Amino acid sequence: MPDRSGKTLAVGKLALAAYVLVIHGLLLGAVLRPDLGQRAAAKLRLRPPLQQGDPCHERVHTAYRRADLNAPQNGVVFIGDSLIQGLAVSAVVERAINYGIDGDKAAQVLQRLRDYPSLERARAIVLAVGVNDLGSQSNEQIVNAFAALLEAMPHAVPVIVSSILPKDERIADDVPNANARIRAINRRVQALCARRSSVRFLDVASALTDADANLASTLHEGDGLHLNARGNALWIGALREAVAQIAPRE
């Protein structure tokens with residue numbers, strides 16, 4: 001009689017070897033081309049989870065979705081990362097709505113846009129994001145993300161894109177040449193904004209830098225990234241003026 005157990009074992013070994021090869025291939029692809037998973041998800045029309053593994057992020061986003069159902073007409077929507085989340089947006093303009101989430105990257109903001117119907121009836125939208133992308137994305141990828149964000153924004157609504165704010169690299173030194181990259185990205189994003197009359201690029205970064213092109217030590221709270229009261233006051237003043245110019249009250 002044939003040795004069925006031997007054949008079964010051989011087949012099992014072949015299946016295991018194939019499985020290992022597939023897993024290794026996927027891991028190698030993820031390292032060499034981290035965008036492949038995102039592209040595949042887009043083609044299959046899958047919706048990747050926001051900040052996968054971070055239940056706090058999803059809870060905040062869920063709360064924003066609920067709040068958006070009652071967002072006022074002609075409100076000014078602020079959306080972005082922790083710099084927006086920690087901003088007293090009501091000091092910028094009345095009927096301000098804050099949709100900032102700590103740690104957000106441009107891709108996460110892009111995903112969240114579809115969940116805020118109030119954007120369509122907003123007086124203006126303020127976008128501030130990008131600094132969290134520096135550690136994992138190239139300049140080209142970040143600029144492309146901004147292009148996708150602008151395309152996804154309601155074209156009838158004025159948009160203010162705040163420049164990516166500088167870092168104090170003497171303290172926040174996790175990304176090499178961060179400020180040089182930020183300046184290069186800001187120039188390209190400014191050129192993107194210039195293509196649409198309803199979009200305004202707000203260069204507030206220059207007002208926050210010191211003689212060494214770092215975020216001034218007197219303007220952040222000690223981590224080299226997040227603005228203190230004085231730094232936020234400068235940003236608020238610039239945002240207030242930009243909103244008044246691009247979306248004056250009727």
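**Salt bridges and layout**

Let me start with Arg 170, which is partly exposed at 47% relative accessibility; that term covers values between buried, under 20% relative accessible area, and exposed, over 50%, using a 1.4 Å probe and protein chains only. This is a predicted model, where local features need pLDDT of at least 70 and side-chain atom pairs count only at pLDDT 80 or more, while totals for chains, interfaces and linings use all residues. Residues are numbered from 1 along each chain as its sequence is written, and side-chain values use heavy atoms, with hydrogens and water left out.

What does Arg 170 pair with? Its side chain meets that of Asp 210 in a salt bridge, 2.9 Å from N to O. By salt bridge I mean a side-chain nitrogen of Lys or Arg within 4 Å of a carboxyl oxygen of Asp or Glu. Asp 210 is also partly exposed, at 23%.

The structure holds seven salt bridges. Another of them links Asp 104 and Arg 112, with the closest N and O atoms 2.7 Å apart. Are these two residues buried or exposed? Both Asp 104 and Arg 112 are buried.

Now the layout. The protein chain has nine helices and five strands, taken as DSSP runs numbered from the N terminus, with helices being H or I of at least four residues and strands E of at least two. Of the chain's 250 residues, 44% count as buried.
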